Amino acid sequence: MSPSSISVVESGKVAVSKRLLKKLEERFYVSPIWLEHGIGEMFMNPAGMVMSDERVEPSANITVTHDAPTGFTKVRRLDVSVSAGHGAINYEPDEIEGVYFSDQWLDGIGITSSSCALLLVKGDSMSPTMQDGALVLVDFTSAVFETGQIFALAFGDEVMVKRVEIGDAGTGRNGLSLVLVSDNRYYPPRSLSNHDAVQVRCIGRVRAVINPL
């Protein structure tokens, strides 16, 4: 890359391409998640494990592998941002680098790595539960709304994470109206009429949140 190309990436004017992220990971063992979102540690060792402070220099004698550590399973991360604020974000998922979770922890909440994925949160309407830049673990098998729970949902071209309240019988999806509630008290609840409620698609229930500090 030319110095001018690097400069526009560093300034934030142009996003880092997936191809460049992959090259940086392979050549310098830089974590793509850290580089894009500042989450986790900067460097990874040759086995694909994240390191805290030591940089591994590339070597022709080192083979980069991504085998899961014993007792851990990689949960895929989708290249999707879900709105926790104003504005529409398109839902066009592509799979990118995942995150390892303990098998015991996944079993404890009753989900498998194949039935869930991590999505990036944009906005602050669900603060303090989830902050801008948080990763949420979405269980795709829980695709039926439950009152009081947080779901990833699609409404037209907008994909968002909201706490769902089921309203009075007689209106809305399956005879129920929907109220989309933000945990941030500065955002008022959004009540959906019968016409709008039937257009809401449940993507999955949020089962865990990884918030940036």
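Among the elements of the chain, the lowest mean pLDDT, 44, belongs to strand S2 (residues 50-51), whereas the highest, 91, is found for strand S6; strands, like helices, are DSSP runs numbered from the N terminus, with at least two residues (E) required for a strand and at least four (H or I) for a helix. Over residues 86-91 the pLDDT is below 50, and this stretch has 16 contacts in the model beyond near neighbours in sequence, a contact being heavy atoms within 4.5 Å. The pLDDT also stays under 50 over residues 169-173, for which the model has 15 contacts beyond four places in sequence. Where pLDDT is low, the predicted coordinates should not be read in detail.

Because the model is predicted, local features need pLDDT of at least 70 and side-chain atom pairs count only at pLDDT 80 or more, while totals for chains, interfaces and linings use all residues. Residues are numbered from 1 along each chain as its sequence is written, and side-chain values use heavy atoms, with hydrogens and water left out.

The structure holds two salt bridges, each defined as a side-chain nitrogen of Lys or Arg within 4 Å of a carboxyl oxygen of Asp or Glu. In one of them, the side chains of Arg207 and Asp139 meet at 3.4 Å, N to O; Arg207 lies in strand S11 and Asp139 in strand S6, so the pair ties together parts that are 68 residues apart in sequence. Asp139 is buried, with a relative accessible area of 2%, whereas Arg207 is partly exposed at 24% (buried means under 20%, exposed over 50% and partly exposed in between, with a 1.4 Å probe and protein chains only). Arg163 forms a salt bridge with Asp183, their closest N and O atoms being 2.7 Å apart. Since Arg163 lies in strand S8 and Asp183 in the loop between strand S9 (176-181) and strand S10 (190-192), this pair ties together parts that are 20 residues apart in sequence. Arg163 counts as partly exposed at 23% relative accessibility, and Asp183 is partly exposed with a relative accessible area of 22%.

Note on methods: pLDDT = per-residue confidence, 0-100.
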